Every structure is written in structure tokens, then in C-alpha cells.
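Here is a short briefing on a protein structure. Please look over the sequence and the fold before reading on.

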Amino acid sequence: MAQVIDHRGGVWSIAVPIPDNPLGHTLVHLLETDRGPVLIDTGWDDPDSWDTLVAGVAACGFAVTDLHGVLITHHHPDHHGLSAAVREASGAWIAMHAADTAVVRRTREAEPGSWLGFLTAKLTAAGAPEDHLAPLREARAKRHGAVRSGRPPALPDREISPGALLGLPGRRLRAIWTPGHTPGHVCLHLEEEHPGRGAQAAGGGPMAASGPGARFGRLFSGDHLLPGITPHVGLYEDPDDATVTDPLGDYLDSLERIGRLAPAEVLPAHQHAFTDAGGRVRELLAHHEERLAGLRTLLRDPLTPWQLAVAMEWNRPWAQIPYGSRNIAVSEAEAHLRHLVKLGHAEPVPGSGPTTYRAV
């Protein structure tokens with residue numbers, strides 16, 4: 001049975017399971033409009049996830065065929081995975097920020113095995129040991145010449161433009177570009193009076209009082225702002241795009257914008273709704289400031305990105321981190337390194353190979 005929460009005012013959340021993932025589920029939100037319901041994200045492309053989504057839409061009082069559109073906060077498969085199935089079943093349009101649409105397009109056009117080759121080269125440059133690289137080389141050899149299996153991620157029909165009011169009849173939903181977790185991540189601000197204003201909000205605490213500085217509206221935050229999780233911020237990794245970016249800097253800037261927005265309630269894509277957006281933003285900014293300071297201490301002795309990742313604090317010891325998650329950890333270490341270099345707090349050591357970095 002689908003887990004559905006009625007957030008009132010024509011807003012529901014549906015917990016769509018993510019197979020074999022500790023996050024458990026993605027909170028897909030349904031927003032009622034004068035032209036039919038619109039989904040914010042869709043969930044993972046899996047038969048059980050699809051059945052849960054269909055049952056959840058029904059529990060909200062609609063059929064999948066009623067869906068008018070799909071707004072995607074970002075391209076990751078636990079958010080965008082079922083978009084094609086929704087469009088096939090309903091004819092709904094799909095909208096996404098152009099930066100993430102470009103990632104989807106390149107993913108669809110890439111040759112099988114190209115990502116494995118890119119990842120192997122990237123990890124080699126980061127100083128990964130041979131026992132970590134060998135499985136990647138073997139997997140790439142097996143994939144060489146293979147035909148892509150499964151349904152490719154859906155190409156969106158529409159673009160979500162930063163700052164724009166989206167064309168949803170009867171609703172005021174504004175797009176806020178919040179890069180960091182992905183280059184095209186967006187939050188969506190429902191610029192309408194909260195139906196629970198003056199009462200206890202979901203997640204605890206009263207709605208803010210009216211008047212200057214009052215918190216206003218609800219924010220669909222995707223993965224940008226979560227109540228108890230720090231979202232992954234790694235490099236914007238793409239085999240066909242060598243642009244030097246600063247994802248962590250993007251994320252920190254985006255957090256500050258959301259803090260200034262001060263919504264009355266946040267409806268994230270994981271965990272649960274909460275009210276103190278400003279407090280959560282301050283916690284995350286402090287977390288990253290502390291982490292960057294800790295990395296500068298570690299870099300008193302030159303380290304490769306791999307060595308830095310091994311030395312960093314994670315939610316478990318490095319020896320207990322699964323193979324695939326180590327790749328994610330290295331990407332996060334590199335994102336922090338790149339931000340430190342941009343700030344002038346670290347630099348690559350000339351002539352080192354693989355490249356090592358040191359504090360400045």
C-alpha cells in the first residue's frame with residue numbers, strides 16, 4: 001500500500017521505493033492544478049516503484065492518465081527514472097533545467113562502456129590503487145561493443161527557467177536554480193499562503209506570523225535541502241564535458257539563496273517535511289565550513305584526492321564503505337579540493353603524478 005501524506009491545499013507526497021538503497025524511498029509530490037495534477041519528480045524506474053506511484057496517485061484521488069505534467073528537480077534516477085513511463089501512460093509533458101537536460105542527452109547518446117572508461121581514467125589520476133581500478137577495467141572490457149539495455153532516461157519536453165513562474169493554471173510555482181548536487185538542480189517555491197498558517201506545521205513548530213519577515217509559501221527542495229542528510233556534492237562528472245566547475249561553491253551559494261527565501265515549510269524528496277529552513281541552511285553551511293577547515297589540516301602533508309578521501313570522516317570507517325560508494329567519496333573529496341584551490345587555500349604540487357595537493 002502506498003504511503004501518502006496529504007499536505008493540504010492540493011499538495012500530497014507519495015513515498016516511492018528505491019530498490020536496494022538505504023534512503024528507502026523518494027518523496028514524489030503531487031500538485032493539483034486547474035488543468036490536472038502535476039508530479040514533482042517520479043521515482044526510480046522499477047516495476048514495484050511504478051506500482052507504488054500508480055497506487056499513490058490513486059490515493060490522492062486521481063488516475064495516472066489524469067497527470068498533466070512532470071517537473072523534475074534533477075536528473076538522478078531516483079527522481080527522473082519513471083518520467084518516461086508517466087509520459088507514456090498519460091501524455092504528460094516533462095520539464096527540467098537545461099543543464100540537467102544536457103546531461104540526460106549526453107547519457108542517451110554515450111556509447112556503452114564510455115562511462116567506465118572515463119571513471120577509470122579519473123580514478124587513476126586521483127591516485128586510486130590498482131586493486132580498485134582492476135574491476136573497472138574488467139567491466140569495461142565486458143561492456144565493449146555491448147548494446148544498451150533498459151529504457152533510456154526520458155528527454156524533457158520543456159525547460160525550467162530560473163526565476164520563472166511555471167505555467168500551472170491556478171497555482172503560483174516559481175523555479176529557483178540551486179546547482180551543487182547536480183548542475184541543473186532546481187527547487188520549486190509555491191508562492192501561496194500555507195494552509196496551516198497559524199497552526200502547528202508538519203514537522204513541529206507553528207507557522208510564522210504574518211508581517212515583515214514572515215516566512216511564506218512552501219518549498220519543494222528536491223535533494224538540495226534535506227532535514228537530516230547532507231546531500232552529496234561531487235564534481236559534475238561527464239566524459240564529454242571538460243569544463244572546470246566548482247560544485248561545492250555552487251551549492252554553498254545556492255544554500256544562502258534558499259536561506260534568504262525563508263519558506264514556511266520545506267517538502268524535500270527524502271525523509272520528511274520540516275519548517276526551519278533557515279536553521280537547516282545554517283547547519284549545512286557550518287558543516288561545510290568545518291569540513292573545509294579539517295581538510296586544510298589534512299593537507300599540511302601533500303595528498304592525492306584518493307588519499308584525502310581515505311583520511312576524511314564519513315558515516316562509517318573507510319574499510320566499511322562499499323566499492324561503489326568509494327568512487328562517490330573520491331568525487332566529493334575532489335569537489336572540496338577544487339573549492340579550496342579556488343579560494344586560494346590549497347594548490348597542486350608541481351610535477352606530482354598522480355597529482356597531490358597541499359594547503360596554502
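The points below cover the sheet, the nonpolar cores and the cavity.

The model is predicted. An open sheet of seven strands is present. The largest nonpolar core has 39 residues. One cavity of 30 Å³ or more is counted.

**Sheet**
- The strands run in the order S1-S2-S3-S4-S5-S6-S7, with mixed pairing.
- Strand S1 (3-6) and strand S7 (158-159) are the edges; each has a single partner strand, so one side of each lacks a neighbour in the sheet.
- S1 is antiparallel to strand S2 (residues 11-17), and four bridges join them.
- Gln3 stands opposite Ala15 in S2.

- In soluble globular proteins, nonpolar side chains tend to be buried together.
- Within the largest core, the residues with the most contacts are Leu123, Leu225, Ile258, Leu299 and Leu308.
- Helices giving two or more residues to this core include H5 (114-125), H6 (130-143), H8 (277-298) and H10 (323-343).
- Leaving aside residues up to four places away in sequence, Leu123 touches Ala128, His132, Leu133, Leu136, Asn327 and Val330.
- Another core, of 23 residues, lies apart from the largest one; among its members are Ile14, Val70, Ala84 and Ala85.

- The largest cavity holds about 30 Å³ of space.
- Its lining includes Leu27, His29, Asp41, Phe220 and Pro268.
- Strands S3 (25-31), S10 (218-222) and S11 (265-268) each give two or more residues to that lining.
- By class, the lining has six nonpolar, three polar and one charged residues.

Note on methods
Residues numbered from 1 in each chain as written. Predicted model: local features only at pLDDT ≥ 70, side-chain atom pairs only at ≥ 80, totals over all residues. Heavy atoms only, no water. 1 Å grid on protein atoms, 1.4 Å probe; cavity = no way out; pocket = protein on both sides within 12 Å on 5 of 7 lines; lining within 4 Å. Points joined across faces, edges and corners; volume = space filled by probe spheres on them. Nonpolar A, V, L, I, M, F, W, Y, C, P; charged D, E, K, R; others polar. Core = buried A, V, L, I, M, F, W, Y, C linked by side-chain atoms within 4.5 Å. Buried < 20%, exposed > 50% of the residue type's maximum accessible area, 1.4 Å probe, protein only. Contact = heavy atoms within 4.5 Å. Pairing = 2+ DSSP bridges.
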